[in-house]
Amino acid sequence: MATFDFTRDTGVPLDAETTIESARAIQKRIEDVVPGQVKDLVVMDGGTEVTVFGEAVSEEVRETAILLAGNVKGITQVNDDALMVRDADTKAEPAFRTVQAGETLASISEETYGDAGNAIQIRQANDFLLDASGEVKPGQTIRLP
């Protein structure tokens with residue numbers, strides 16, 4: 001079972017009063033960022049855990065869908081057991097990281113890769129999650145390329 005943990009009080013707030021509305025809003029987030037790239041996309045919201053169903057065109061799209069579903073205020077876990085990758089026999093274990101207070105893309109790059117210059121690649125891998133300043137926020141979960 002592949003379940004990914006997220007920080008409950010961090011992420012995009014949804015204007016949803018029920019889990020059905022929340023699931024629809026999360027599904028729309030995914031469809032807006034990777035339109036047409038997850039076949040038969042369905043999102044189910046169980047309160048704090050979201051399950052994503054469908055077939056992603058690539059591993060990168062799968063990871064994007066997981067991050068978009070999990071970086072939502074109130075969500076603590078994303079289950080992707082039913083989110084497959086087209087033409088893949090197995091799913092890769094994504095390299096996700098939760099941002100700590102005081103960290104920047106450069107400091108994460110320095111710690112992870114030994115070079116702050118790789119911050120550009122981290123920014124590009126997570127541009128759909130970043131705000132207008134282009135920086136990460138504490139508690140946010142990001143992908144490490």
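Arg62 and Glu59 are both buried, where buried denotes a relative accessible area under 20%, exposed over 50% and partly exposed in between (1.4 Å probe, protein chains only). The structure is a predicted model, in which local features need pLDDT of at least 70 and side-chain atom pairs count only at pLDDT 80 or more, whereas totals for chains, interfaces and linings use all residues. Residues are numbered from 1 along each chain as its sequence is written, and side-chain values use heavy atoms, with hydrogens and water left out.

The two buried residues Arg62 and Glu59 are joined by a salt bridge, with the closest N and O atoms 2.1 Å apart. A salt bridge is taken here as a side-chain nitrogen of Lys or Arg within 4 Å of a carboxyl oxygen of Asp or Glu. Both residues belong to helix α2 (residues 59–70), and because they are 3 residues apart in that helix, about one helical turn separates Arg62 from Glu59. Helices (H or I, at least four residues) and strands (E, at least two) are DSSP runs, numbered from the N terminus. Side chains of opposite charge can pair when their charged atoms come close.

By the salt-bridge criterion, the model contains 9 salt bridges. Another of these pairs links the side chains of Arg97 and Glu103, with an N to O distance of 2.2 Å. Arg97 has a relative accessibility of 16% and therefore counts as buried; Glu103, at 16%, is likewise classed as buried.

A further salt bridge connects Lys137 with Asp131, whose closest N and O atoms are 3.9 Å apart. Lys137 is partly exposed because its relative accessibility is 43%, and Asp131, at 33%, also falls in the partly exposed class. Elsewhere, salt bridges that share partners join Glu59, Arg62, Asp80 and Lys91 into one network.

Asp40, although not a glycine, has a positive phi of about 55 degrees. Asp40 is located in strand β2 (residues 38–45) and is classed as exposed because its relative accessible area is 61%. Asp87, likewise a residue other than glycine, has a positive phi near 60 degrees. Asp87 is placed in the loop between β5 (83–85) and β6 (96–98), and its relative accessible area of 80% is why Asp87 counts as exposed.
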